[in-house]
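The exercises below concern salt bridges in a predicted model. Work through each task before reading its solution.

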Amino acid sequence: MRHPCVVSLPEPVRRDTRLDNYVDRYAARAHGMTASAIRALFAVANRPEVVSLAGGMPNIADLPLDAVGSVVHDLVVDNGRVAMQYGSGQGEPMLREQICDIMRLEGVVAHPDDITVTVGSQQGLDLVTRIFCDPGDVVLCEAPSYVGALGVFSSYQCDVVHVAMDEEGLDPQALTEAIGAVRNAGKRVKFLYTIPNFHNPAGVTQSLERRQQVLAVAKAADLLVIEDNPYGLLGFDGEPIPAIRSLDADTVVYLGSFSKTFAPGFRIGWVLAPHAVREKLVLAQESATLCPPVFSQFAISAYLAKHDWRSQIKIFKEMYRDRRDAMLAGLSDHMPAGTSWTVPEGGFFVWVTLPPGLDSQSMLPRAVTARVAYVPGTAFYADGFGSRHMRLSYCFPTPERIIEGTRRLGEVLEYEMSVNETFGTAIHQGSFKPYEAPGANQT
């Protein structure tokens, strides 16, 4: 019999430890949202003692800040009450007209009414995916593909199917086979996402002939093409290759950005789409933000009107070319035998294929300890591949820092190879898919 002074306590209820008390309340699409592998590196890579070959931050050191400051000052004084007010969900008319002038450099003839201004081209891709894709729809992407795009597609519960690349970019035959395989499996392919110029991360560029071939495959399959083109005006030699959109106005939705040719902090991009698609984009834009940043639009428009922006892009190109050359020289001098890499003709990135047995993901902590950072290749695949690859960015560090970074990286690779030689490796070389190595024989 229980003593009357003993208090009877309820039996303890088991409660599993959770880091997020709201996990059962989120929408299903929230579970597909993951942290960017590149953003996750920023805290380490931004330390001054680390040579970061990871992030693709534009180098705006050569931007004439006095001219930009003058433009912003005059904008506030002369037109501040308009520039700091709400605006159109489609974007300001004067900027859309100037965007048409910019795209004309790549052969694109467009009307301002078919342009929707966005918060960077990243939001443009988000809006396009939002209006076209249902959960379970398939999006075709190059292998590898831009990590920010993969994040968008995952957040809308799309299935990504990668398509092989070679030294000229997307392989038309592989695209044909991928479309057929997906449709034979009873799934819907909503669009092809491609970066034809100075690909992020692979660094390769589609020739005009290759663009025509890819477009022909897409048209035959009645497939929409999303052309992401942030780097098109940053080629190091010759004139820009005509955009895919210049070859077909009905099959292609074009994404553009001022982040690489002006400054990323203004967060202004755009989407050029067929008229009916444009109407949907404006509705999606209004529900997301009401309107894109009006002040940024006015500032960029004034900069384009008052400053020689073409000459400024030329300055950027020369600066990035010097850094590209430093990267290639550093790789040639410091990479061990068995390493290969692409040779970009513009843009920001080199895609490196490691010697057999090395894993860029598992090697990253050792590289950071050696004070050099890169992005493992697995970040650019939706299917877990890419472990034998890494993306190196040359856009931000000085040439001297790039050379030092490749020296440190070469030492890390040499050490990893010596460990593998001594203890062996668990990596099975036959597990690599052919599409894992775009342009890997370019050295």
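**Exercise 1.** Determine which residue forms a salt bridge with Asp159, and where the two partners lie.

*Solution.* Step 1: a pair qualifies when a side-chain nitrogen of Lys or Arg is within 4 Å of a carboxyl oxygen of Asp or Glu. Step 2: Asp159 and Lys187 have their closest N and O atoms 2.3 Å apart, and they form a salt bridge. Step 3: Asp159 lies in strand S4 (residues 159-163), while Lys187 is in the loop between helix H6 (172-184) and S7, so this pair ties together parts that are 28 residues apart in sequence. Step 4: Asp159 has a relative accessible area of 31% and is partly exposed; Lys187, at 34%, is partly exposed as well.

**Exercise 2.** Find the salt-bridge partner of Lys190 and state whether the two residues are buried or exposed.

*Solution.* Step 1: the partner is Asp137, with 2.8 Å between the closest N and O atoms. Step 2: Lys190 belongs to strand S7 (residues 189-194) and Asp137 to the loop between helix H4 (120-132) and strand S3 (138-142), so the bridge ties together parts that are 53 residues apart in sequence. Step 3: both Lys190 and Asp137 are buried.

**Exercise 3.** Classify the accessibility of Asp101 and Arg104, whose side chains meet in a salt bridge.

*Solution.* Step 1: the N to O distance in this bridge is 2.8 Å. Step 2: the relative accessibility of Asp101 is 36%, which makes Asp101 partly exposed. Step 3: Arg104, at 45%, is also partly exposed.

Conventions
Residues are numbered from 1 along each chain as its sequence is written. This is a predicted model: local features need pLDDT of at least 70, side-chain atom pairs count only at pLDDT 80 or more; totals for chains, interfaces and linings use all residues. Side-chain values use heavy atoms; hydrogens and water are left out. Buried means under 20% relative accessible area, exposed over 50%, partly exposed in between (1.4 Å probe, protein chains only). Helices (H or I, at least four residues) and strands (E, at least two) are DSSP runs, numbered from the N terminus.
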